[in-house]
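Hi there,

Here is the structure I promised to hand over.

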Amino acid sequence: MTEKNDVTAIGEAEAGLSGFFERYKPHLTSLAVIAVFVMMTVTIYRLTSEVRYDDIVIALLDTRWKSAFLAVLFTALSFAALICYDLNAIEFIGKRLKKPSVIATAFIAYAVGNTAGFGPLSGGAIRFRAYTRMGLTPSDIARVIAFVTLSFGLGLLSVSALATLIVAPRVASIMDVDAIWLRGAAVIVILVLATLMYVGRNGRVVQIRQLKLRLPDSRTSSRQFLVSALDIAASASVLYVLLPETNVGWPSFFAIYATAVGLGVLSHVPAGLGVFEAVMVAGLGNAISLDQLLGGLVLYRMIYHVLPLLFAIILMLVTEMKQFAAKPVMADIGNLAGRLAPSLLSAFALILGAMLIFSSVTPTPNSNLDFLSNFVPLPIIEAAHFLSSILGLGLVVASRGLSQRLDGAWWVALVAAAGGLFLSLIKAIAIFEAIFLGIFIVALVFNMRAFTRHASLLRQALGPTWIAAMAVIVAGAATILLFVYRDTDYSQTLWWQFEFSEEAPRGLRAVLGLVLASSTIAIFSLLRPVTYRPEEIKPEDIEKATAIVAKQDVADANLVRMGDKHIMFSEKGNAFIMYGIRGRSWIALADPVGDESEFSDLIWQFVETVRASGGRAVFYQISSVSLPYCTDAGLRAFKLGELAMIDLKRFELKGGKLANLRQSLSRGARDGLSFSVVDTPDVPAIYDELKHVSDSWLEHHNTREKTFSLGSFERDYVLSQPVAVLHKDGKITAFANILMTDTKSEVTVDLMRFAPDAPRGSMDFLFVSIIEHMREQGYSHFNLGMAPLSGMSKRDAAPVWDRIGGTLFEHGERFYNFKGLRAFKSKFHPKWEPRYVAVSNGTSAALALMDATVLISGGVRGVIGK
């Protein structure tokens, strides 16, 4: 079978059912989220058939200030408990970070995550952005996120099961179910969790096939149980104090609340919107007046979800003031909040956009409308309602661009917020709405410097997740409209009624405009043609790239000379990314090359291009330098292995540590080996001899040339740099091409080829000779290259990726000489530096590595036949 047929066969396999789900997983998940939300809103609409909008407004206005104050107090208590999740997680993984920074990170992560609740704005992405800058590795951050997620899930299960067990009869009577079934389910959950605590009481390691998991010890488990209980109890109390006095006791209410929270999380609907409310209405509708329950739920959302986000924005503004910034603690928090400003403002823009949309379909208080009718003409009020919904949609769309630091999104958000503020006053004198928008505008102005990416907002196609969020908001607006005007009989004349007292037509027209605008954006994003296909590399591109390579420090960047990779230059042209394409994976090799100040925008440029082309963005063998930029672009990083680096200024063959290397030099001299470096102008004269050695080496090892992350014996590539050679009996018996730059900061070798009759130990002799020669030439570091899968975490609580990589490293000699390669490089006692692979979707890491392997091997046949 030919290589072309191999590729075709693999393509067909990928096009199967599993490939279909993998490719369209985000779309299918988004459709499921929309379906769940629609079902829940229909359920709520039917359960509240006897409730009217005016009754809910009255219930809201009747809420006592004391109850609101207690709700704020319990919200603060809940967030204090949530922060303890991160503090305990940092301690559990054995790291030490500044507590103020951890507290600020955790608070912002929960403020954004609880409110938005979906991918691009999730708390996990914020933790990656913040903790990466605090020095944690991606594997450390993954363990923190896993600890927090599991702690919350297990804590929610345990406290809700205990509460249900205690008050099962009461909950059963409220929900009209059999108490025996409730107690049975609670007992099973408690027994399973108790077993886990007992098994892991001493931090025991549990092995499930190849996966080892260290269970938290009794102290950690007990502490986390208390934290979870405090968090959920406090958050439940927020809603409980907002409801009227009732015969439903707090324990019964708590059990129903915990169930609603759990189902809301499992639904993946942003913030559990609709799902949480449906469960609460179904569970408490028989015991609490529905109008008061719905009023309490609305106020609960405002206090527990919106207020912390607003507080985080204000905290960010306060810490930027000079009198506060001078204090070390406030300066740390201010720096952190400033770095997370795009995420905060993005989440706030999403909330404000929804607020403008919802307010455009709800009636204006009669007193406000009467006042406005004396000063504002009817056409302006009609236009204000209609335009508010459109501006709200504009804020929702701009929120994605804000998270990506687009200057265009900043301007759109600023104009939309300013327009919304003005319209909120002339359409309804909505004071609180105007205050929120005013704070948002001030925050945008103060953080203008964070939005420096010059990219068109129109080119930012919304992904399935964002379209799902937009669909949830639009569906929510339509549901509110139907709920508010459920007693109004529909007729075609409603569309053309323009009167101060006719609110239903205004809301109807606003929803129509909203649906049309959002549908246009969604169709444009999903069906737009691919905007970019890379052209074949041109000689002038290679010349431009090599000029950049010469001025920077990384020697491996000379691989661009191979001409087998595409090149993407930054807007200013002082940096570039070299990449290859295999399947859906666009794989960038190593860090961007050139001016580091342009790395961030260049990585964003690459990721957005890949997304617009329907691909999977991958950064292969990147260093810690690129991690913050990749994290900001929404990529997940996984450790790939370690790179060996020798400090040439400290490298000495004297002493016992490198005795074996001295012996290799002595043995090579006795075998008649002589070393020399042929400068670039003189390489053409020995090219034929080098080719003979290379061909013999390939034939002897029954292998073929590699590509992408390794060079191959191509004439232009070999002739572009100096070559180190070994002579024996007057002929070349081994060689290695040397990669270097003008800065003399780093040097490395790529191709290493030996004649079949080369003396044993020639590799050591050649390496040591090159290192000694380059040290004498004034180079600072020698790059020995990667040791794949080495240095993976061996902790019992290490992420699954590290466990798999560690297992392959230990037992994968049949497929690749992982341990042998590490052992060879260890003889030089190098400094080991971690290298990572970053992907746009964490679940695609394995697929991305498979594509990279095929790319490096020169095709599927190269993988199979070495």
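Let me start with R223, which counts as partly exposed because its relative accessibility is 22%, and the cut-off for buried is under 20%. Please keep in mind throughout that this is a predicted model.

R223 has a partner: its side chain forms a salt bridge with E91, with 3.5 Å between the closest N and O atoms. The pair joins distant parts of the chain, as E91 sits in helix α4 (residues 65–92) and R223 in helix α10 (residues 218–242), 132 residues apart. E91 is also partly exposed, at 43% relative accessibility.

K731 and D757 form one of them, with their closest N and O atoms 3.9 Å apart. This pair, too, links distant parts of the chain: K731 belongs to strand β11 (residues 731–740), while D757 is in the loop between β12 (746–754) and α29, 26 residues apart. K731 is partly exposed at 48%, whereas D757, at 51%, is exposed. The other is between K565 and D564, at 2.6 Å from N to O. Here K565 is buried, with a relative accessibility of 3%, and D564 is partly exposed at 33%.

Now to the helices. Just after the helix, G778 takes a positive phi of about 95°.

Helix α12 (residues 275–284) is likewise largely enclosed by the rest of the structure, because nine of its 10 residues are buried. These include F276, E277 and M280.

Finally, two backbone angles to look at. Most residues other than glycine have a negative phi. A590, not a glycine, has a positive phi of about 60°; A590 is in the loop between β5 (585–589) and β6 (593–594) and is partly exposed at 24%. H829 also has a positive phi, near 50°. H829 lies in the loop between α31 (818–826) and β14 (831–839), and with a relative accessibility of 42% it is partly exposed.

Definitions and conventions. Residues numbered from 1 in each chain as written. Predicted model: local features only at pLDDT ≥ 70, side-chain atom pairs only at ≥ 80, totals over all residues. Heavy atoms only, no water. Helix = DSSP H or I, 4+ residues; strand = E, 2+ residues; numbered from the N terminus. Buried < 20%, exposed > 50% of the residue type's maximum accessible area, 1.4 Å probe, protein only. Salt bridge = Lys/Arg side-chain N within 4 Å of Asp/Glu carboxyl O.
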